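Work through the exercises below with the sequence and the structure at hand. Each task is followed by a solution in steps.

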Protein chains: 2
Amino acid sequence: MDRIARIDMGAAGGPKVTEEPVGQYAGLGGRAMTSIVVATEVHPLAHPLGAENKLVISPGMLSGTTGSMTGRLSVGCKSPLTGTIKESNAGGQAAQVLARIGYAAVILEGKPEGDDLYKIIINKDGIKVEVDNSLKLLDNYPLIEKLRQEYGDKVAYMSIGSAGERLMLAASIACTDPELRPTRHCGRGGVGAVMGAKRVKAIILDDEGMKMRPPKDAEKFRDANRKFVEGLRKHPVTGEGLPAYGTNVLTNVLNEAGGYPTRNFKTGVFEGGAKLSGEAQAELETRRGGNPTHGCHRGCVIQCSGIFNDENGNYVTKQPEYETVWSHGGHCGIDDLDAVARMDYMDDNFGVDTIEMGVTIGVAMDAGLAEFGDSAGAIRLLEEVGKGTPLGRVLGSGAEITGKVYGIEKVPVVKGQALPAYDPRPIQGIGVTYATTTQGADHTAGYAIATNILKVGGDVDPLKTEGQVELSRNLQIATAAIDSTGMCLFIAFAILDQPDTFQALLDLLGSFYGIEMTGDDVVALGKKVLSAERDFNTRAGFTKHHDRLPRFFYTDPIEPHNQVFSVSDEEMDTLYNW
Amino acid sequence: MDRIARIDMGAAGGPKVTEEPVGQYAGLGGRAMTSIVVATEVHPLAHPLGAENKLVISPGMLSGTTGSMTGRLSVGCKSPLTGTIKESNAGGQAAQVLARIGYAAVILEGKPEGDDLYKIIINKDGIKVEVDNSLKLLDNYPLIEKLRQEYGDKVAYMSIGSAGERLMLAASIACTDPELRPTRHCGRGGVGAVMGAKRVKAIILDDEGMKMRPPKDAEKFRDANRKFVEGLRKHPVTGEGLPAYGTNVLTNVLNEAGGYPTRNFKTGVFEGGAKLSGEAQAELETRRGGNPTHGCHRGCVIQCSGIFNDENGNYVTKQPEYETVWSHGGHCGIDDLDAVARMDYMDDNFGVDTIEMGVTIGVAMDAGLAEFGDSAGAIRLLEEVGKGTPLGRVLGSGAEITGKVYGIEKVPVVKGQALPAYDPRPIQGIGVTYATTTQGADHTAGYAIATNILKVGGDVDPLKTEGQVELSRNLQIATAAIDSTGMCLFIAFAILDQPDTFQALLDLLGSFYGIEMTGDDVVALGKKVLSAERDFNTRAGFTKHHDRLPRFFYTDPIEPHNQVFSVSDEEMDTLYNW
C-alpha cells in the first residue's frame, strides 16, 4: 500500500493509468484517504457527474493484513445525491485484495467522450483499462456471472448495475462477498452514478502472487489480534446478538422503543414488526436451509451476514440487513420477509442503495403510487427502476426528487439523502447525527442508537435533549477514525464498552505501523477526517442551515412517545466545536 | 385597497374568510406587499406545499386607477421550485379588478384535508369559497370557457391548469386578458403549485358596482398620466419597437450580439434566428389576420402583445413572448414559429412557465429524449406534461430536476430556476442578476440587457466585468420598486432614459397618495423590498455560495465571443452592500 494509481478516463486517446508514491497521503487509508483526497483535489463546485469529480477507492489502513474485521473498502467523491463530500464503505473481499496488490488508493478521474463502457483489471502486473461493451446494461448478478467466466473465482469484483450506468442518484457500487455474490454495497450517496459517469462498469481485483501485508512487529500484532477477537466474542452484541440474528436483531428492539418509523414516519411502532424481526428471519433462514451466520469477508469473527433462501431452498439473496428490512418493510407498511428479500435482491442486482430505495417507495406510497402494505405494488415500482422507465428513473433518483416530482410534503431526507431506520423524535441523539454529519442523513456516521437505546458506551436518555450533541460528536469522531482503519464499524460495540478491546485495536495499529498509538491519536485522526469533510462542504455552499432535520420532525409529534425533535439549533451548531 | 382578506383553506369545517384593515402593511402593493407579508408571516423553513406557506395576491399601488400601465398583479409565497421567497407578476385584468374591489391583498393560508377542489368568488359583497369538483383537472382554456358560462364576460379570472393541480414545480397562475383568454401568467417559481396545494382552482374577480380608485389630487394625477404616456410614446423601445414587434423584437438583437443561447447554451448565435424574429412574427401575424399590436390589459399604451393565428386564420395563442420563442425555439434548435406558438398555447393551457418548460425540453434533448431541432419531438414531450405521466411530471418539475433524473451535467439554473434567454458569458451584467437576485435566475429582476445591449440607461460593455455589479444592483433596486407600483416593467426603458418621464411616474404616485414622492423614495422602497426578500432567503439557508452561476459558465467559453463568465465572487458578494 505504498502506491496510488490514477486512471484518467478522459485522457485523449483513451484512458491513461499513472502511478505515484503515496506522498502527501502517506499513512492514510479508508475514509481518511478518500475524504482527504477529495477535499484536496476536487473543486467543491464541480458537477458530481462531470470530469472534475474523482472517485477515490481506498482499502483501510489495516486491510490486507491478517488482522480480523479489516475488510471495509471506502469509496469517496462529491456526491450527486447530496452535493456534499461522500464516503461510502462496504464489506466483501475488495478491500483485502486491493490492499494486498499494494494500492493505498485507486483514483478514477476525468470522463470519456462517447458511450464505450470500460472494465479495469488490477493485479500484480499493474492496471489495465479495456473497453467491453458486451457488459452494457447488465445488472450485477448476471454481470458477475459473465465476468467469472473470464476472470474466475479467485478474484474480487467491484461493479455497477444498470442503475449506475443510468446515472441514478441512488446507484451503489457492489463488492463481491467470499462466494462472489455482488451483495456488499457502497450504497449511500450515489457513488455508483459517479462510477457510471466515468463509464467504468467493473473493476476486477486479482491478488494472485501477492502476500498478506506484513506488520512491523509481527508478534505484537498477532497478540493484539488475539485479544481483539476475544473482546469481540465476549461482548453480547458482537458475540451473540449479531452472529445469531444479524443486524436485524434491531427490529424488535426499535419497535419496542417506539422508534421504528412506520409508513413513512407516521408512527413509531409497526404492528407487523415481529414478523420482520431478526428472530423470525433467522428461524426462517435455518428452516429453509439458508444460513443466519455468515461473514461478508474472510477474517470476520462477528458473522452478522447470512443467506436467505426461498421456500424451495433456493438462494434468493444475502440476509437482508436491518435497514433494508425496515426500508422495504415497516417503512412501507409491509410485514412480509419474502417480499423484502426479493426487493433486497433487486436492489443488489440493479445496484441501488436499499435505504434510499425503500424510503423512496414509502414516499411514492404517500403519493398514491401504491398502497402502504402492498408488497406486490412495491415490487412493481422497484421493477421500473431496473427497466429505467421514466417512473423508474424518478424513483432511482431517491426520496427527495420523488417527493418533488409528486408534490409530497413529508420527505424524510437531510441534505438530499434518505433517513435510515430510526425516528429522531423518540431517539433524539440519532437526529443530531442525521442533521450534522458531513454525509447527509446517515446512521453509521455517529450511531447514537448504541448509547440511546442499546446502552453501549454509556446511557443517554433517548427522549431527552441533554447530552445528545456531545454523544453524537464523540461518536462521529470515533467513527471517522474507525472508517479509516478498514475495520467494520461493528467493532465499536466492543471497544466502547471494553477498554482492553480498545487497547487491542490501538496495539493492532501500533504494531502494524511500528508506532506508538494512543486513544488521543484515534481522536485526532477522526477530527482530521471530519474537519477535511466539513471544510469541503463549507466550500461547496453548505451552512448551519443545512444541518437541520426536515421541518415535520420539529412540528409533528409521533406516537407512542408523542414527541417532536427538540435539540435546539444553537446546540446543534456546536457539534464541530472542539 | 384598505382591506386585507385572509382565506384559511385549512380551517376546521371548511375554508374561512376573514377581513382586516391593512394595518402594518398600509401603503404597500404588488411585490412590496407580497414579499413583506411572506417575509413577516411565513416560516422560512416551511414546506412550500404545506399548510405553513401562504399565497399572497396583491395588485400594485396604482392598480385600479386611471393611470396607464398599472395592470400588474403580484403573487408571492415561498417557492417550491427555488426554496427562496418568490414574487411572480403578470398582466391581464386581474390586478385592476381586484384593486377596484378594494383588496390590497388576498392571502391564501392553510391547506384543506381531502381532495375537494375550490373556487373563490370575490366581488363587492365580499368573498365566497365554494367546492366545485366539476373543475378537476381542467386545463386553463376549457376551464375559463366553463367559468364564463357561469360568471360571464365582465369579470377577470385567475386559475391553474392541470399542472398546478398536480403540484408541478413549473406550474403557473393564469390571469385572463381583456378578451378573457388565460394568457397572462405569473409564471416563475411554481406559484401555481402553491395555489394547487391549497386546492384553489380558480378565483373569479368581479368589480361590478365598484369605481376607479380616486387619487388624492385628481388634476395633478391626470396631468402626470398625460406626461407619462407621452414619454412612453416618444421612447424608441416603448413607442416603436415593442408596439410593432412585441418583446420578440429582441431575437435579432440578441442573436447579433452573440448572446442568444442556442441548443442548451452551446453557442451564442442561432442560425435559424431570423425565422423566429419579431419582424418575421409580426409579418406572419398580420398576414394571417392576427394582430401584432395588442394590450394585455386595458390602459396599456405600449401594446406589446398580439394575436397569433394559424394559416387558416384561426386563433392559436397570444403572440408568444421573446422568452418563449427562445426557450421553445433557439434553445431547442427549433426555428419554426408555428411549433413555438403551439407550445406557447400548450404551456398556457396546462399552466406552466414557458421559460422553465422550454429550458427543460432543451435539457431533455441533451439527455437524448428528442433531437435538437425536432419540433414534433418537443411537442410530444410537452404533451406528457399535460397528461401527467411520470415523464410529464419530471419535465413539469423543471430543468434542475430533469437534469438530475437523467444525469445531465449541463443544466442552466440558479437556485433551481431556469435561466432566461440571455447568455451570461457574452453579457456579464445579466449573469450578475441571475446569480444574485433573491428570486433564482430571473432576467426581469435586474434587466441588465437594457444597458449592456440596448444602451438604455447608459452603456456598460457587456463583454467586460467592470460596472456590472453596480448596474445590476441599481436595476434590481429600481425593479423591486416598479414591481410594487403595479406598473409594467417596460416603463423602465422610458424612465431610465427620460428624466421627465421618471418625474411623471413620481407625480403619479405622489398625487395619488397625496404625498411628496422623490427618486430617493423610490430607491428606499426598492431597498426595503429587496432587504426583506434577502433576509427571508438567509433565514431559509441561502448564502453567498448560492449566488453563483452553474459552474459550466465559469469553465466553458462560448462562441462567438469565446468568453466565460468572469465577474469575481468577491465582487458579486458586494451586491447587497448599500
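## Exercise 1: one helix of chain A

The buried residues of helix H3(A) are Asn140(A), Leu143(A), Ile144(A) and Leu147(A). They cover an arc of only 90° around the axis, which puts them on the same side of H3(A). The model is a predicted one.

**Task.** Describe the length of H3(A), the face turned away from its buried side, and what covers its buried residues.

**Solution.** 

1. Start with the length. H3(A) runs over residues 140-151, 12 residues in total. From first C-alpha to last it reaches 15 Å, close to the 16 Å expected at 1.5 Å a residue.
2. Recall the geometry of helices. Residues three or four places apart point the same way, because an α-helix has 3.6 residues a turn.
3. Turn to the other face. Glu145(A) and Gln149(A) are exposed residues on the face turned away from the buried side of H3(A).
4. Look at the cover. The buried residues of H3(A) are covered by elements of chain A that include strands E9 (156-159), E10 (173-175) and E12 (200-205), together with helix H12 (337-350).
5. Finish at the end of the helix. Gly152(A) follows H3(A), and its phi is positive, near 80°.

## Exercise 2: two chains

**Solution.** 

1. Count the contacts. In chain B, 25 residues are in contact with 25 residues of chain A.
2. Assign them to helices. H15 (390-396) and H16 (399-405) of chain B each supply at least two residues of the side that touches chain A.
3. Sort by class. This side of chain B has 12 nonpolar, eight polar and five charged residues.
4. Compare the two sides. The copies meet through the same surface, because 100% of the interface residues of chain B are also interface residues in chain A.

## Exercise 3: the nonpolar core

**Task.** Which residues of the largest nonpolar core touch the most other members?

**Solution.** 

1. The core has 365 residues. Those that touch the most other members are Ala105(A), Leu205(A), Leu98(B), Ala105(B), Leu205(B) and Ile491(B).
2. Take one of them. Leaving out residues up to four places away in sequence, Ala105(A) touches Ile4(A), Tyr25(A), Met33(A), Val37(A), Val56(A), Ile57(A) and Ser58(A).

Technical notes. Residues numbered from 1 in each chain as written. Chains lettered and ligands numbered in written order. Predicted model: local features only at pLDDT ≥ 70, side-chain atom pairs only at ≥ 80, totals over all residues. Helix = DSSP H or I, 4+ residues; strand = E, 2+ residues; numbered from the N terminus. Expected span 1.5 Å × (residues − 1). Buried ≥ 20, exposed ≤ 12 C-beta atoms within 10 Å, placed from the backbone. Arc of directions from axis to C-beta. Contact = placed C-beta atoms within 7 Å. Nonpolar A, V, L, I, M, F, W, Y, C, P; charged D, E, K, R; others polar. Core = buried A, V, L, I, M, F, W, Y, C linked by C-beta atoms within 7 Å.
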